[in-house]
Amino acid sequence: MLGVAPDNWAERLNSVVAVACMTALGALTLSLHHLQAQIELKAETLTDPLTGLMNRRALNSLYRERVFGPFMSVAMFDLDHFKRTNDVYGHPVGDRVLCRFAAVIKKYDRVGVDAFRLGGEEFALVMSRMTEDKAYDFACRIGVAFGTEVVPTPRGPLRSSVSGGIGFGKEDGSSLDEVLAEADRALYAAKNAGRNRVLVLNGKADGPALRSA
């Protein structure tokens, strides 16, 4: 008769391996949860909560160090008379107008185009692998499409328009700030020209008003 239980080294090894695996699995699960939380937090900090577009911080994160060549451009948009929209119809309606413009931009989503809400009623598109004419036509299509949108309000249907300006990269390279500054000057020219149009500073400064379909 045996006075003690047999020394079963295989069972002990299995127990050790099982404990080690469970510990490693638990640690891996915690690490994955932590990583997922970090990813979600970063996404939140780079996203505009109202429209779901990327924000100004994301623009700087993605393009601050980029060199803008001749096939890269930035279009800046500003909703026309937006302060009056808020004053007359109220901020909830103003928010719906902002979301409607963001929805129009999303309809034109494509590879090489990133959309951002810079703040307030200002938006920006960074367009890559486009000639100047194609970038201009692309921005105009967005403006025209937005002009067809109707937002219902207690005071009746509301249509809005948008003005835009485009800045382009150069052959020898431009920085984000340089292209944004050019786009901003073109946007200011569009506002002065009567709004509801997209302008550039290299010959289309007399562009016509956008016509909605």
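Strand β2 and its surroundings

Strand β2 and strand β4 (residues 122–128) pair in the antiparallel sense over seven bridges; two strands pair if DSSP finds at least two bridges between them. Helices (H or I, at least four residues) and strands (E, at least two) are DSSP runs, numbered from the N terminus. This is a predicted model, in which local features need pLDDT of at least 70, side-chain atom pairs count only at pLDDT 80 or more, and totals for chains, interfaces and linings use all residues. Residues are numbered from 1 along each chain as its sequence is written, and side-chain values use heavy atoms, with hydrogens and water left out.

Eight of the eight residues of β2 (residues 72–79) are buried, so the strand is largely enclosed by the rest of the structure. Buried means under 20% relative accessible area (1.4 Å probe, protein chains only). One side carries M72, V74, M76 and D78, the other S73, A75, F77 and L79, and all are buried.

A nonpolar core is a set of buried Ala, Val, Leu, Ile, Met, Phe, Trp, Tyr and Cys residues joined through side-chain atoms within 4.5 Å. In the largest one, of 33 residues, F77, L79, F101 and L125 touch the most other members. Elements giving two or more residues to this core include β2, α4 (91–107) and β7; α5 gives the largest share, eight residues. Apart from this core lies another of 17 residues, among them L59, M76, V126 and L187.

Methods
Buried < 20%, exposed > 50% of the residue type's maximum accessible area, 1.4 Å probe, protein only.
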